[in-house]
Amino acid sequence: MNPPPVAAGAALVRPRNGFADYFETALPKIVLGPTLLCALIFVYGFILWTAWLSFTESRLLPRYEFAGVVQYITLFANERWWTALSNLGIFGSLFIALCLVTGLLLAILLDQRIRAEGFLRAVYLYPMALSFIVTGTAWRWILNPGLGFEHLVRQLGFEHFTFDWIVTPGMSIYTVVIAGAWQSTGFVMALFLAGLRGIDDSIIKAAQVDGAGPVRIYTSIIIPSLRPVFFSALIILGHIAIKSFDLVMALTGGGPGFSSDLPATFMYTFAFNRNQIGLGAASAMMMLVTIVAVIVPMMYSETRRQRHG
Amino acid sequence: MAEPYRTQTAGSQLIGRTVIYTLLILFALYYLMPLFVMVTTSLKTLDDIRGGNLVALPREISFDAWAKAWGAACTGVFCGGLKGNFMNSVNFVVPAVIISTLVGAFNGYVLTMWRFKGSDVLFTGLLIGCFIPFQVVLLPMAQTLGWLGIANSIPGLIFVHVVYGLAFTTLFFRNFYVTVPAELTKAARIDGAGFFTIFWRIILPLSPPIIVVCVIWQFTQIWNDFLFGVVFSSGQRQPITVALNNLVNTSTGVKEYNVDMAGAIIAALPTLFVYVVAGKYFLRGLTAGAVKG
Amino acid sequence: MKRSLVAVALGAIAMAPYAPVYAGEVEVLHWWTSGGEAKSVAELKKELEAKGDTWKDFAVAGGGGETAMTVLKSRVVSGQPPTAAQVKGPGIQEWAAEGVLANLDDVAKAGNWNSLLPPVVSNVMKYQGHYVAVPVNVHRVNWMWANPEVFKKAGAKIPTNWDEFEVAADKIQKAGLIAVAHGGQPWQDATLFESISLGVGGAEWYHKAFVELDPKALNSPAMEKSFATLRMVQKYIDKDAANRDWNLATAMVINGKAGMQFMGDWAKGEFTAAGKVAGKDYICAPAPGNKGAYTFNIDSFIMFQQKDASKQKAQKDLASAIMDVHFQEVFNLNKGSIPVRLGMNLDKFDQCAKDSAAEFVASSKTGALVPSWAHEMAMPPANKGAMFDVVTAFMNTPSMTPKQAAEKMATAGKKS
């Protein structure tokens with residue numbers, strides 16, 4: 001459904017001479033230049049800088065003497081790092097899955113010619129407008145057993161009702177999933193809804209003529225055609241999951257203990273609070289490697305598919 | 001006029017509709033609960049909060065907490081509430097959103113209408129910028145801002161937000177312009193229209209839907225940012241998220257939940273406003289192409 | 001890589017020996033934002049403004065200044081350090097080693113700091129023999145704050161060792177109240193554990209383990225017993241404690257919901273703010289087993305080198321204002337701590353502070369005056385952080401045995 005790529009600009013421009021011609025040809029690159037320069041310095045340059053620091057013994061402030069892989073050895077001997085990694089696994093997969101499933105479900109439901117669709121959409125979407133600091137503060141309160149939901153249910157007469165995940169090690173990471181999904185589902189729903197609205201009705205009509213029921217139409221025609229939306233949603237959710245920092249800080253503070261630590265909070269704690277910049281840099285590099293390992297093949301296959309599809 | 005696949009026979013339709021509406025309303029209640037709790041709590045007195053429960057309505061509505069959060073709450077020796085910080089945020093968020101959106105639009109335009117050898121690779125390379133964890137860039141960025149002479153200033157903060165927003169804005173515009181038929185620009189080029197003429201005359205008039213999406217996204221991201229705000233600003237120049245953090249982390253004897261909640265809502269008002277007012281255009285913009293590819 | 005701090009700092013002083021007296025600006029990074037703390041900072045601001053300088057407040061709230069430290073690093077890296085920042089303990093030495101701190105020797109000499117400060121304090125403030133930081137106060141960490149009403153209601157008596165504690169706590173719990181008010185944040189867990197271990201293992205062992213980081217002392221029967229005691233104390237903490245702020249825990253003692261809290265004397269600021277009187281409405285006693293021992297926590301400000309002469313002047317004003325008798329009195333009355341200057345008149349202070357001051361001097365003679373490791377006075381932040389992880393993991397993992405925890409402490413104490 002994408003148009004064929006436009007042929008290189010120069011060939012189509014009427015021939016002109018000298019500098020003006022050259023300038024006109026180079027103009028697109030000149031316009032793109034500052035952004036590329038920024039990315040080169042502020043993304044790739046800083047990654048290299050971090051990589052270098054991860055091979056040093058930097059503590060309070062950056063130092064640049066090479067010290068080998070000692071920080072990586074320390075990192076993987078650190079129990080807290082493993083907790084952070086496994087939490088990222090739990091949080092990342094559950095958060096993304098929950099957002100995708102709920103988002104798709106809400107989008108499909110909303111797409112059934114619903115009254116007050118605009119209002120409902122706003123309700124599902126508004127959490128995205130809040131900062132994680134706000135979300136964390138509100139949810140921290142709701143999930144607090146003594147003040148929030150548990151207290152409420154007990155007041156209603158269910159004396160033995162317990163919902164204390166936020167204070168239970170091993171469970172607190174799931175409260176981060178709850179709050180995170182609450183915040184991000186609306187956006188995913190909007191993406192899917194937009195995707196649903198963009199589907200060509202004639203394909204569906206054709207399927208109906210063939211006698212396919214609504215469930216089949218959704219599972220075998222509509223959902224597969226939402227593939228690009230899944231891709232966009234995955235990119236956005238993945239980036240939220242890996243960068244999740246504010247939410248954990250505001251909701252659990254990484255606790256109880258360090259049971260809800262994520263790599264981002266781990267890196268921050270060690271680099272900035274414990275004066276172990278080298279170790280922090282090593283953990284940051286591991287995060288970046290994970291991102292590259294997951295995202296790049298995904299993006300590559302998607303752009304390839306696009307170009308040939 | 002319902003599309004055929006969305007309707008069924010009358011009997012099953014009634015049951016189906018009931019299920020759909022019930023589900024939608026349940027979800028809506030779930031999504032509204034935190035907001036409801038925040039709003040009612042902010043309107044309660046402290047006694048009321050202690051005595052009642054989470055979802056109880058305030059016994060009497062009091063706006064004291066709001067007044068305090070806005071103009072009188074103390075952090076350290078400063079007792080001016082969030083008022084000043086609100087304007088700080090406006091001062092750097094607006095330029096940062098405008099610049100990053102504009103640059104993103106040009107980038108998207110180049111990457112679709114003026115492709116050159118290697119431009120796809122460059123685009124993929126740019127996208128990696130979406131994923132860099134911000135904690136990683138704090139120190140090198142501080143150093144760079146120091147060299148540029150804009151450390152600890154509003155321009156510095158704008159600069160940081162623009163730099164790390166470009167990957168997203170470029171992505172939005174690129175994916176939107178990919179859907180614009182190439183014939184539109186081809187004809188103009190044969191007539192001799194230049195790079196900027198095509199952009200202003202042809203591309204920009206097509207862009208409002210995606211501009212809305214991009215502005216909403218950037219506005220939300222930058223307004224809500226805490227980390228850059230706390231690290232790259234100080235004193236009375238701090239943005240509202242930092243002031244809010246100071247507010248909720250400061251307590252004297254009793255924790256004033258009502259003031260915290262009022263502060264949280266104040267900090268969220270502009271983004272809430274943008275979502276509610278522009279929400280319709282947001283979806284339209286997404287439909288118009290942002291999600292394709 | 002280490003630049004010679006002294007050379008640079010002395011050079012800076014030589015270049016601007018006696019600059020004309022005009023108003024300078026001090027920008028002070030701190031995280032004293034709550035109640036009594038904020039009042040104390042306001043006092044400093046007032047003193048400085050009286051000297052004609054302007055005060056630029058740079059408060060970053062949040063716990064033990066975690067966010068503030070991030071901000072400080074970025075500011076220093078960007079070449080725009082604040083005038084002064086709240087940094088303490090071994091952290092002072094680390095900053096000084098980076099060669100960014102100003103030399104305060106002339107202020108110290110003029111103010112006669114060497115004779116006013118006890119050596120345990122002045123040693124921490126110096127780097128290679130030169131003053132680079134100003135102490136503000138001395139906090140005693142190993143206090144127990146108790147509500148006598150609660151104890152009376154439960155028929156319990158104030159415990160002086162951990163066995164008595166168990167009996168008293170049992171009674172309070174049976175009376176339907178919470179025995180120990182606590183907040184489950186890593187630094188609070190460590191504060192509690194610190195008092196327990198000092199009470200269980202004694203000052204000599206404490207010094208070996210937490211100051212010298214001797215692996216044999218860290219992984220020892222005394223450490224195991226300390227952890228076993230922590231497990232026992234944990235039974236008396238309510239389950240909502242996770243992530244509770246310390247002052248909310250204090251409020252539980254004030255309101256009679258809980259019997260006692262193990263917390264440093266900054267907790268007193270909360271009692272004072274609530275209009276409570278020491279000895280009558282609340283009791284301050286050394287934590288069980290801690291009589292005669294003293295864990296100290298000294299707040300201090302490090303001063304960064306400034307290029308601008310007016311800022312240098314303001315910086316020195318700040319340094320001398322902090323050590324000023326009047327400020328030491330007013331500040332510490334608000335903060336709950338005791339003045340860092342020896343020999344001050346303590347008439348305006350309450351009984352808790354007087355006890356604290358007396359024990360501070362007494363314990364320094366018996367060797368029972370030890371730095372608080374939970375408050376960054378004893379070891380580098382990296383080790384402190386690693387030990388926080390062990391203590392807090394122990395608190396949150398019911399299956400972890402004291403023996404396992406002691407082994408982990410030895411690993412955490414490894415010097416890097």
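Two residues count as in contact if their C-beta atoms, placed from the backbone, lie within 7 Å. Keep that in mind for the whole tour. Residues are numbered from 1 along each chain as its sequence is written, with chains lettered from A and ligands numbered from 1 in the order in which they are written. This is a predicted model, where local features need pLDDT of at least 70, side-chain atom pairs count only at pLDDT 80 or more, and totals for chains, interfaces and linings use all residues. For the complex, the predictor gives an ipTM of 0.83 and a pTM of 0.85.

**Stop 1: chain B**

Select chain B. Among its contacts with a separation of 6 or more, 76% are between residues 24 or more positions apart. Switch to cartoon and you'll see 13 helices and 0 strands; helices (H or I, at least four residues) and strands (E, at least two) are DSSP runs, numbered from the N terminus. The C-alpha trace of chain B spans about 75 × 70 × 30 Å along its principal axes. Its radius of gyration is 24 Å, while a compact globule of 293 residues would have one near 19 Å. That radius is taken over C-alpha atoms, and the globule rule is 2.2 Å times the number of residues to the power 0.38. Buried residues come to 54% of the 293 in chain B. Here a residue is buried if 20 or more other C-beta atoms lie within 10 Å of its own, exposed if 12 or fewer, and partly exposed in between, with C-beta atoms placed from the backbone.

**Stop 2: chain A**

Now pick chain A, with its 14 helices and 0 strands. Its radius of gyration is 25 Å, well over the 19 Å that the globule rule gives for 309 residues, so chain A is more spread out than a compact globule. Its C-alpha atoms fill a box of roughly 75 × 65 × 30 Å along the principal axes, and 48% of its 309 residues count as buried.

**Stop 3: where A meets B**

Show both chains together. How many residues of chain A are in contact with chain B? The count is 87, and they meet 83 residues of chain B. On the chain A side, helix 2 (residues 18-53) gives the largest share, 15 residues. Colour that side by class and you get 59 nonpolar, 18 polar and 10 charged residues. The nonpolar set is Ala, Val, Leu, Ile, Met, Phe, Trp, Tyr, Cys and Pro; Asp, Glu, Lys and Arg are charged, and the others, Gly among them, are polar.

**Stop 4: chain C and its sheet**

Over residues 1-21 of chain C, though, the pLDDT is below 50. Where pLDDT is low, the predicted coordinates should not be read in detail.

Next, find the open sheet of 4 strands in chain C, order 8-9-7-10, with mixed pairing. Two strands pair if DSSP finds at least two bridges between them. Strand 8 (178-180) and strand 10 (283-286) of chain C are at the edges, each with a single partner strand, so one side of each has no neighbour in the sheet. Strand 8 and strand 9 (residues 258-262) of chain C run parallel over 2 bridges, with C:Ile178 opposite C:Ala258.

**Last stop: C:Lys268**

Zoom to C:Lys268, in helix 14 (residues 267-273) of chain C. Why does C:Lys268 count as buried? Because C:Lys268 has 26 C-beta neighbours inside 10 Å. Leaving aside neighbours within four places in sequence, C:Lys268 is in contact with C:Gly336 and C:Cys352.

Methods. pLDDT = per-residue confidence, 0-100.
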